[in-house]
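Subject: Structure handover

Hi there,

Here is the structure I promised to pass on. Please have it open while you read, as my notes come after it.

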Amino acid sequence: MRRIAAQILNPIAIALVATLMVAGCASKKVPNSAAELGLAGNAAPGSSQDFTVNVGDRIFFDTDSSSIRADAQATLSKQAQWLNRYGNHAITVEGHADERGTREYNLALGARRAAATRDFLIARGVAANRIRTISYGKERPVATCDAASCWNQNRRAVTVLNGAGS
Amino acid sequence: MKHVLKTILLAVAFATGLAGATIPARALVEIDVNKGNVAPLPIAITDFLSGDAMGKQISDIVSADLKRSGLFAPIDHSAFIEKISNPDAAPRFEDWKVINAQALVTGRVSQEADGRVKAEFRLWDVFAGQQLVGQQYFANKGNFRRVAHIIADAIYERLTGEKGYFDTRIVYIDESGPKNNRVKRLAIMDQDGANQRYLSNGKALALTPRFSPNRQEITYMSYESGKPRVYLLQIETGQRELVGNFPGMTFAPRFSPDGQKVIMSLLRDDGNSNIFTLDLRSRNTTRLTTADAIDTSPSYSPDGTQITFTSDRGGGTGHSQIYVMGADGSNQHRISFGNGSYSTPVWSPRGDLIAFTKQTGGEFQIGVMRPDGSGERILSSAFQEEGPTWAPNGRVLMFFSQAAGAGGPKLHTIDLTGRNEQEVPTPSFASDPAWSPLLE
């Protein structure tokens with residue numbers, strides 16, 4: 001029940017997106033929820049699949065901004081709740097930028113997004129020593145079209161459970 | 001080890017005052033590179049005499065270099081009347097006037113007893129009927145391309161009054177694979193795209209390589225340890241070294257003009273980034289900026305007294321702007337005030353201009369402005385382009401550029417006048433070019 005509720009409240013792209021997009025067409029819309037992918041929320045509670053599918057592993061940012069938007073606050077609150085419940089996971093917060101900025105500036109911008117995300121999680125009770133951050137700047141886009149619909153998805157911070165892979 | 005390139009080249013240059021007058025009389029043939037729309041100078045570059053293919057190979061490289069500069073128009077060989085059989089004798093100037101060659105290049109390549117190659121060339125002013133330059137070089141056979149570039153530099157310098165830039169190399173990032181799984185490798189090549197080779201295996205993301213002033217090392221940013229950090233790489237030995245021991249990400253590195261320091265950004269724990277230097281001898285670090293902002297992309301003035309950098313400390317829209325400060329961090333002030341955001345400032349080797357990337361109206365542009373922010377000029381615009389680097393003579397910029405839907409960037413050059421934009425040949429997509437200095 002809880003899982004289903006989370007799924008509905010949290011229509012945000014999941015980690016599987018990256019895998020699917022490798023083979024996908026560049027302009028294809030990235031699926032935004034587990035439902036769109038036809039996935040049931042049948043992951044084992046506390047597993048990384050549970051986290052990515054039922055909680056949502058990523059948040060999105062406005063252009064050239066590292067402010068945590070309202071929709072992102074909802075996601076991060078759920079992430080914090082989950083991380084506080086399953087205290088065995090250490091995490092890496094990856095900060096990313098879209099490609100509409102220059103390389104070095106975007107490395108810094110991605111870092112700022114990762115730090116803002118980390119700080120939010122800490123404020124929601126996740127222990128600071130469980131979190132490391134890394135910026136990939138604009139080097140790791142998940143959506144590859146040369147249009148705003150893709151840039152929106154690339155301006156993101158992804159919470160990765162360590163050992164689970166990115 | 002420090003002088004590997006020098007010892008393999010042995011570029012001994014002599015003025016060979018053999019044939020006729022070598023009085024440095026005022027030549028009639030000259031190019032004013034500062035004129036906006038100069039017509040390229042017609043020049044006849046004959047095949048250098050040699051017993052094998054090397055003579056033609058060298059003259060072809062000289063010809064290609066001069067043509068790419070946009071300042072010279074090499075004349076098709078089929079128009080030539082005189083066939084040069086003795087490069088030590090004066091040519092029949094009338095034969096070259098007829099085909100409107102303003103300048104003529106003749107030469108010879110021969111094998112020395114010790115196995116080295118000797119290359120000689122002469123540059124003639126056709127209408128004045130005199131020799132302008134005569135020089136000879138010795139090199140190992142494997143270095144014939146460098147000899148050709150050095151000859152092209154000598155011709156360029158004599159006819160334009162500016163230093164050449166052909167005997168230079170480019171470090172850059174080779175990009176392969178799909179956009180969402182890009183492999184980025186350090187690569188190096190001659191400025192004309194020849195002798196391309198890789199300096200990293202592509203397993204780890206590598207970015208923003210830049211040459212040391214002595215051309216022997218590069219500093220770059222890499223994820224090879226799992227953490228994004230600045231490294232040094234000895235080009236010939238492949239030896240790598242972490243720069244400093246910082247807790248957070250280090251990025252955007254460049255050498256100081258004396259090669260003693262690396263200047264770079266260091267990420268703070270709060271998510272902001274400031275500019276630091278690391279002295280490569282003493283290992284001392286010096287913090288130059290403290291703003292609660294993104295301060296990045298630092299670049300020294302050629303005399304080492306000032307630094308230009310990108311910062312978003314001003315806030316507002318078009319956050320990132322260009323700033324200048326003293327080398328000690330003093331007098332930090334904004335210089336870019338146009339409509340848009342500015343980043344990647346790079347100081348010209350002549351000191352007179354700062355090249356930058358500008359984003360405005362949904363486009364990226366490459367431009368230049370004076371160090372006080374005046375005289376902004378946009379040289380190039382595209383869907384996406386950034387990262388200018390200067391040729392060592394400060395006349396030409398290289399950057400990377402891509403059209404919408406192109407799938408990846410390629411390297412481009414453009415003259416400071418905004419003319420003669422050309423793609424640089426690379427085996428795959430390419431970004432983050434850095435132009436080497438000339439060897440002194």
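Below are my notes, with the conventions and then the findings.

This is a predicted model, in which local features need pLDDT of at least 70 and side-chain atom pairs count only at pLDDT 80 or more, while totals for chains, interfaces and linings use all residues. Residues are numbered from 1 along each chain as its sequence is written, chains are lettered from A and ligands numbered from 1 in the order in which they are written, and side-chain values use heavy atoms, with hydrogens and water left out.

Chain A overall

Chain A has six helices and four strands; these are DSSP runs numbered from the N terminus, with helices being H or I of at least four residues and strands E of at least two. Along the sequence they follow the pattern α-α-α-β-α-β-α-β-α-β. Of the 166 residues in chain A, 57% are buried (under 20% relative accessible area, with exposed being over 50% and partly exposed in between, using a 1.4 Å probe and protein chains only). If you take the contacts (heavy atoms within 4.5 Å) in chain A between residues at least 6 apart in sequence, 72% join residues at least 24 apart.

Two helices that cross

Have a look at α4 (residues 70–85) and α5 (residues 103–123) of chain A: their axes come within 9 Å and cross at roughly 55°. The axes are lines fitted to C-alpha atoms over the stretch in contact, and angles run from 0 to 180 degrees between N-to-C directions. On the α4(A) side, Gln73(A), Leu76(A), Ser77(A), Gln79(A) and Ala80(A) meet Thr117(A), Phe120(A) and Leu121(A) of α5(A). The residues of this contact divide into four nonpolar, four polar and no charged (Ala, Val, Leu, Ile, Met, Phe, Trp, Tyr, Cys and Pro count as nonpolar, Asp, Glu, Lys and Arg as charged, and the others, Gly among them, as polar).

An exposed glycine

Gly163(A) is in the segment after β4 (156–161) of chain A. It counts as exposed because its relative accessibility is 85%. Its C-alpha atom is separated by 9.8 Å from that of Thr92(A), 71 residues away along the chain.

A sheet in chain B

Chain B has an open sheet of four strands in the order β26-β27-β28-β29, with antiparallel pairing (two strands pair if DSSP finds at least two bridges between them). Strands β26 (384–390) and β29 (422–423) of chain B stand at the edges with a single partner strand each, so one side of each has no neighbour in the sheet. Two bridges join β28 (residues 410–415) of chain B to β29(B), and Thr413(B) has Gln422(B) in β29(B) as its bridge partner.

Best wishes
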